[in-house]
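The following paragraphs are to be read alongside the sequence and the coordinates.

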Amino acid sequence: MTDIETITVPGHLRGYPGVAFGGYVAGVLASRVAAKAVRVDFRRPTPVEVPVGLAETADGGAVLTGADGVLAVATPDELDLEAPEPPSWDEASAAAEAYRAAPPPGSVDCFGCGLDRTPDTGLRQHCGVVPGRDLVAAAWTAGPALADTEGMLRAEFVWGALDCPGNAAGRLRGGLTQGAVTASLTARLIRPVPVSSRLVSYAWVLAEEGRKHRVGVALATADGDPCAIASALWVDLR
């Protein structure tokens, strides 16, 4: 393992209360891995506002560690997943409005899907059911506060946009239960995303077995151009 860098996840980048947003954590780790596709396995919740250790590993991956041990591990991987045709901007907008009108129980102030977030303070992944298709989707635009120095959506936030839609797909199109957690997220970023562009996030169920729910997630422009794709494993709590 290389030298350990100390990082602290800011409090507003939370998923569940006191816990760092998993998609953001995955994106931070993935930025240390020189591979087209990266898999991030979550071992323990990463706290917000608490210093944790980030280091690259000898196998080309990265690891995040806290006081209780390993929090998450990133490794180079392959992602053989084909996304369905994305819904239109109008379809995704209608699905998001339906979600906001009747959000599922247990909604929290999550950076990824919190209902009270603005385009500058959250990703607003309000994914509702797309009528006539086995998908959930949301139409959204990121605010300038989420941009990098070149005006693109920061890569860790692109990863973030591949997290919560999987939960929505599992709950609204599968059997995922309230309070489930992301066990792993494997993603490939396809192109830079201008922070002012209209975006469509969508997700679908791949397989379910007991407490395990595997979902596909994709991010596209309003014109249907692919930006990123992911496979995630969500697990119901015992």
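A residue is called buried under 20% relative accessible area, exposed over 50%, and partly exposed in between, with a 1.4 Å probe and protein chains only. The model is a predicted one, in which local features need pLDDT of at least 70 and side-chain atom pairs count only at pLDDT 80 or more, whereas totals for chains, interfaces and linings use all residues. Residues are numbered from 1 along each chain as its sequence is written, and side-chain values use heavy atoms, with hydrogens and water left out.

Two backbone positions may be considered at the outset. Most residues other than glycine have a negative phi. E49, although not a glycine, has a positive phi of about 60 degrees. E49 belongs to the loop between β2 and β3, and its relative accessible area of 54% makes it exposed. Helices (H or I, at least four residues) and strands (E, at least two) are taken here as DSSP runs, numbered from the N terminus. R124 is likewise not a glycine and has a positive phi, of about 55 degrees. The loop between α2 (89–101) and β6 holds R124, which counts as partly exposed at 22% relative accessibility.

The sheet comes next. Two strands are said to pair if DSSP finds at least two bridges between them. By this criterion, 11 strands form an open sheet with antiparallel pairing, in the order β1-β3-β4-β5-β2-β8-β11-β10-β9-β7-β6. Its edge strands, β1 (5–7) and β6 (128–129), each pair on one side only.

β3 and β4 run antiparallel and are joined by four bridges; G53 has T65 in β4 as its bridge partner. The hairpin of these two strands has five residues between them, and G60 there takes a positive phi near 90 degrees. β4 in turn pairs with β5 in the antiparallel sense over five bridges, and A62 has A74 in β5 as its bridge partner. The hairpin formed by β4 and β5 has two residues between the strands. β5 (residues 69–77) also pairs with β2 (residues 37–42), in the antiparallel sense and over six bridges. In that pairing A37 stands opposite D77 of β5.

Helices lie against this sheet. Contact means heavy atoms within 4.5 Å; axes are lines fitted to C-alpha atoms, for helices over the stretch in contact, and angles run from 0 to 180 degrees between N-to-C directions. Helix α1 (residues 22–30) lies across β1, β2, β3 (52–56), β4 (62–66), β5 and β8 (181–189), and runs at about 130 degrees to β2. Helix α4 (residues 164–173) packs on the sheet as well, touching β6, β7 (136–140), β9 (199–209), β10 (212–221) and β11 (226–235), with a direction at about 55 degrees to that of β9.

Which residues surround S184, leaving aside its neighbours within four places in sequence? S184 is placed in strand β8 and is buried at 2% relative accessibility. With those neighbours left aside, its contacts are R39, V40, D41, F42, S231, A232 and L233.

A disulfide is a pair of cysteine sulfur atoms within 2.5 Å, and a search of the whole structure finds zero of them. The closest cysteine sulfur to that of C110 is in C164, at 3.7 Å, too far for a bond. For C164, the closest cysteine sulfur is in C113, at 3.7 Å, again too far for a bond. C110 is buried at a relative accessible area of 4%, and C164 is buried at 8%.

On a 1 Å grid over the protein atoms alone, a cavity is a set of points where a 1.4 Å probe fits but cannot get out; a pocket is an open set with protein on both sides within 12 Å along at least five of seven lines; lining residues have an atom within 4 Å of a point. Grid points are joined across faces, edges and corners, and a volume is the space filled by probe spheres set on the points. One cavity of 30 Å³ or more is present. The largest cavity holds about 30 Å³ of space and is lined by I7, V9, Y24, V25, V28 and L64. α1 gives the most to this lining, with three residues.

The largest pocket has a volume of about 730 Å³. Of its 37 lining residues, G15, Y16, A180, V181 and W234 are the closest to its centre. The elements giving two or more residues to this lining are α1, α4 and β8, and α4 has the largest share, with five residues.
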